[in-house]
Structure formats: C-alpha cells, structure tokens
Amino acid sequence: MARTELEPKKQKRKAKKRKHGSSDDEVANKSLIVEQQQAEQTDTQQAEEEQAPRKGKASKRRQQQEISAIKEKRSKQTNDSKEEENEVVVEEGGDLPTAEQLEEAAKPENSNAVVTVRQKKKQKHLQRLEAQKDQSADKEAKRNEEYLRKWRDNRQDWKFEKLRQISIQQTAFDEQKLSEDIWGIALEYLASSKGAAKAILTKLAEDVIQELDQKCDQLGEDCGLERQTIVESTRYQRARNLLQSFD
C-alpha cells in the first residue's frame, strides 16, 4: 500500500518538472526575441546618428555654395557699374581719350566732345520727359480749345470745369499754348470772370506788363526797336487787352 501511494506523487512531481522545463524554454525564446529587437533598434539608431551629421554637412555645404554665389553676383554687378562709369563715348575715333583730350573737352566750347555713358542715359531720359511734356501740353491746349468753343457755340450742353478755367488762366498770355485763333473766345470768356477769378487774372496781367516794362527800361532810349518789339509782343498785348476788358 505504501508503494502504490508514493507512485502517483512521483508522477505528479515529474509532470511538474516537465511544466517548468517548457516555461523556461519559452522565456528563453522571448528573451532572444527581445534581444534581437533591441539589437535592431540600436542598429537603426546608430544608422540615423551616422546619417544625421552627413545631412548637416550637406546642408552646410549648400548654404556655403549659395552664399558664395550671391557674393559672386554682387561682385559682378559692382564691376559692371564701375566699367560703365569708366567707359567713355567719343564722337570721333574709337580709342579712349588721353589726358590732353579730356582737358580740351572740359572747356565750355568743347563740352559736347566727350560724353560718358551715364550722361548719355540722362540726356535720353530728359529728352523723353520733354517729349512727354510737349505731348501733354498739346492735349491740354486741345481740351481748352474744345471747352471754349463749346462755351461759345453750345452753351446749353456746356458745363463749368474748374481745371479748365485754371488752365486757361495760366496759358492765356502764351501764344503757343493758346493760339491766336482761339484768343478772341478766350478773352470774352475771361472777361466774364468775377470775384476771385477776376482778381487772379488781374494780378497775372499786371505782373506780365510790369515785367516787360522793366525790360524796356533796362534797354534805354537807344534801343527803340527792341522796346517796340517787346510792347508789340503777344504777351504784352494780351495782358493789356484783358485789363481793358475789366474796365
């Protein structure tokens, strides 16, 4: 009886040992997997750390290349500007002028002999501005003429414009800006001015007459013809006619 009772206990102990053996294997396998994962993570981290400085170096190289390219462009621009300043355009001959030629060109009578590139550009710019002024002046004269003709011929459709009135007042004594053909209408229109507009016109006409009278006084009695030309000039006669129309 004692043997039979002991046998099942031994079997149970053996079974327990088998269980413990199987769990140890599983733990070992798991630990191996964890170690492999950790090793992979460390490898990836090391690879990233190795690539990071490479990327940083590449970005620094790019920045340095961009900075050097910008510096080269700036140096080229400054060199080009210096070359333009030093360039000289000579009207006759293609060689650069000597010191003697430059001294000769500095004289007033030879001021146009040597012209730099910058001066040439300025001259062209001034010519363009003058051309634009002339065009705008022609347009202004045409608008004033249309305004005056409409005032005389079609008073019902005519409308008062302050800008037109100011323009006509300022150009009344200038034959180039207000032609002789339209002066009769302009005189009739300006003579109808009242209040502040009349005072402005009176002041303008008196200033013109005073200016021309001073020129006549400076000429003296010996310059009768020149004085006569001043008195018979369009400015003088128009200013005089305008003042007489206000009386």
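Of the 247 residues in the chain, 16% count as buried, where buried means under 20% relative accessible area, exposed over 50% and partly exposed in between, with a 1.4 Å probe and protein chains only. What you have open is a predicted model, in which local features need pLDDT of at least 70, side-chain atom pairs count only at pLDDT 80 or more, and totals for chains, interfaces and linings use all residues. Residues are numbered from 1 along each chain as its sequence is written, and side-chain values use heavy atoms, with hydrogens and water left out.

**The whole chain**

Start with the cartoon view. Going from the N terminus, the order of elements is α-β-α-β-α-α-α-α-α-α.

The chain exposes about 20,500 Å², and carbon and sulfur atoms supply 48% of that; the areas come from the Shrake-Rupley method with a 1.4 Å probe, and for residues only the protein chains shown count as cover.

A contact here means heavy atoms within 4.5 Å. Among contacts between residues at least 6 apart in sequence, 62% join residues at least 24 apart.

**The nonpolar core**

Next, select Leu-148, Phe-173, Tyr-189 and Leu-190. These have the most contacts inside the largest nonpolar core, which has 26 residues. Such a core is a set of buried Ala, Val, Leu, Ile, Met, Phe, Trp, Tyr and Cys residues joined through side-chain atoms within 4.5 Å. Helices H3, H5, H6 and H8 each supply at least two residues of this core. In soluble globular proteins, nonpolar side chains tend to be buried together.

Keep Phe-173 selected and show what surrounds the residue. Leaving out residues up to four places away in sequence, Phe-173 touches Leu-204, Ala-205, Val-208, Arg-235, Arg-238, Ala-239 and Leu-242. Remember Arg-235 from that list; we'll come back to it.

**The aromatic rings**

Color the aromatics. The whole structure holds three aromatic pairs, meaning rings of Phe, Tyr and Trp (its six-membered ring) with centres within 6.5 Å; planes under 30 degrees apart count as stacked, over 60 as edge-to-face and the rest as tilted.

Zoom in on Tyr-147 and Trp-158. Their ring centres are 5.5 Å apart and their planes stand at 50°, so this pair is tilted. Tyr-147 belongs to helix H3 (residues 117-153) and Trp-158 to the loop between H3 and helix H4 (162-170), so the pair ties together parts that are eleven residues apart in sequence. Tyr-147 is buried at 6% relative accessibility, and Trp-158 is buried at 18%.

Then pick Trp-151 and Tyr-189, an edge-to-face pair with 5.3 Å centre to centre and 80° between the planes. This pair links distant parts of the chain, with Trp-151 in helix H3 and Tyr-189 in helix H5 (residues 180-191), 38 residues apart. Both count as buried: Trp-151 at 7% relative accessibility and Tyr-189 at 5%.

Show the four residues together. Ring pairs link Tyr-147, Trp-151, Trp-158 and Tyr-189 into a cluster.

**The salt bridges**

Last stop: the charged side chains. The search of the whole structure finds seven salt bridges, each a side-chain nitrogen of Lys or Arg within 4 Å of a carboxyl oxygen of Asp or Glu.

Select Asp-207 and Lys-203, whose salt bridge is 2.9 Å from N to O. They are four residues apart in helix H6 (residues 196-219), which puts about one helical turn between them. Asp-207 is partly exposed at 32% relative accessibility, as is Lys-203 at 48%.

Back to Arg-235, which forms a salt bridge with Glu-211 (3.4 Å, N to O). Arg-235 lies in helix H8 (residues 234-246) and Glu-211 in helix H6, so the pair ties together parts that are 24 residues apart in sequence. Arg-235 is partly exposed at 33%, and so is Glu-211 at 34%.

Within it, Arg-164 and Glu-161 meet at 3.8 Å, N to O. Arg-164 is buried at 9% relative accessible area, whereas Glu-161 is partly exposed at 39%.
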